[in-house]
Amino acid sequence: MALSTGASAIEVTDLHFVYPSGVAALRGVSLTIAAGEFVGVIGQNGSGKTTLVKHFNGLLKPTGGVLKVLGVDTRSKGVAELAKVAGYVFQNPDHQIFCNTVREEIVFGPRNTGMPASEIESSVRHVMELLDLQGLEDRHPFRLSRGERQRLAIASILAMRPRILILDEPTGGQDRQQVSRLIATLHQLNVEGHTIVLVTHDLELLAECTGRALVMFQGEILLDGTPREVFREVDTLKRTALAPPQITRWSLAVGLPRLFLTVAEAAAAYPGEGSGSGTQ
């Protein structure tokens, strides 16, 4: 599926979705995600964020409205074809993993989407190194730790080289070092041109990663802007039971001219503060 000239990565127009139970999960959502954007989607459970992003690779089809990926209406394509360009990493890796070895799991996607055999090997080696899975090639996936299984799920999608990468709560089971490495990996993929959509409850992760934040509430987009713009809307965020990172709340409370998103940002702005020189 080729990218239409000048087309955005994802275009959503008046999107509605009603589950068979009758629950209306999306209520007229419209947005455009440009190619190369890094977008975070936040909201409480039941806000519609996972339902929304499952439309981005065809796992769900609209009840009403139109959703286009790389200029193509998703209703005209199957999930297998959309997976070549829009890869989806599930929140629970156990819902995604099914092969008998780590290597088989990573090879499965590229092989079944028609990637040439000459490219599969290099793709597999690349993602195993990127996600720190070397030496685990012959291990059964369900003998891995939760964090390793999460990285395997990401690797199995990345091996297909999708233009768009959608991750639903990808930091589960990861320690801080692994989360930092994942953040660096996502930034690198974004620099290389991948459009990334990250669903998360972790607003600190959102602040570190993304250039744009969508706040979902009751099936609608309540806020849409940069994390700095969104975090300033404290009263609106309270409606969603979300709170900005502590450093952001502090900078708002003391009335600083610059709203800090991360501790690293604050430390860079005030070098030497709190270093305890011991001068009397």
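In which loop does Pro 116 lie? Pro 116 is found in the loop that connects helix H3 (102-112) with helix H4 (117-130). The model described here is predicted.

**Confidence**

The protein chain has an average pLDDT of 90, and 94% of the residues score at least 70. Confidence is highest in strand S1 (residues 10-18), at 98, and lowest in helix H6 (residues 176-191), at a mean of 87. Over residues 1-6 the pLDDT is below 50, and this stretch has 11 contacts in the model beyond near neighbours in sequence. Over residues 275-280 the pLDDT is also below 50. Beyond near neighbours in sequence, residues 275-280 have 0 contacts in the model.

**The sheet**

Strands of a sheet pair through backbone hydrogen bonds, either parallel or antiparallel. In this model, 6 strands form an open sheet with mixed pairing, in the order S6-S7-S8-S3-S9-S10. Strand S6 (86-89) and strand S10 (220-225) are the edge strands, each pairing on one side only. On average, neighbouring strands of this sheet are turned by 15° against each other, direction ignored.

Within the sheet, strand S3 (residues 38-42) and strand S8 (residues 195-199) run parallel and are joined by 4 bridges. Val 39 stands opposite Val 197 in S8.

**Helices**

Helix H5 (residues 146-158) lies across S6 and strand S7 (164-168), and runs at about 170° to S6. Helix H5 also packs with H3. Two packed helices are described by the angle between their axes and the distance between the axes. For H3 and H5, the angle is about 35° and the axes are 7 Å apart. The contact is made by Val 102, Glu 105 and Ile 106 of H3, together with Leu 152, Ala 155 and Ser 156 of H5. These residues divide into 4 nonpolar, 1 polar and 1 charged.

**Accessibility and cysteines**

| Residue | Relative accessibility | Class |
|---|---|---|
| Pro 116 | 40% | partly exposed |
| Cys 99 | 10% | buried |
| Cys 209 | 6% | buried |

Cys 209 counts as buried because its relative accessibility is 6%, and a residue is buried when this value is under 20%. Pro 116, at 40%, therefore counts as partly exposed, since this class lies between 20% and 50%. Pro 116 and Leu 60 are 56 residues apart in sequence, and their C-alpha atoms are 29 Å apart in space.

A disulfide is a covalent bond between the sulfur atoms of two cysteines. The count of disulfides in this model comes to 0, with sulfur atoms required to be within 2.5 Å.

Note on methods
Residues are numbered from 1 along each chain as its sequence is written. This is a predicted model: local features need pLDDT of at least 70, side-chain atom pairs count only at pLDDT 80 or more; totals for chains, interfaces and linings use all residues. Side-chain values use heavy atoms; hydrogens and water are left out. Two strands pair if DSSP finds at least two bridges between them. Helices (H or I, at least four residues) and strands (E, at least two) are DSSP runs, numbered from the N terminus. Axes are lines fitted to C-alpha atoms, for helices over the stretch in contact, and angles run from 0 to 180 degrees between N-to-C directions. Contact means heavy atoms within 4.5 Å. Buried means under 20% relative accessible area, exposed over 50%, partly exposed in between (1.4 Å probe, protein chains only). Ala, Val, Leu, Ile, Met, Phe, Trp, Tyr, Cys and Pro count as nonpolar, Asp, Glu, Lys and Arg as charged, and the others, Gly among them, as polar. pLDDT is the predictor's confidence in each residue, from 0 to 100.
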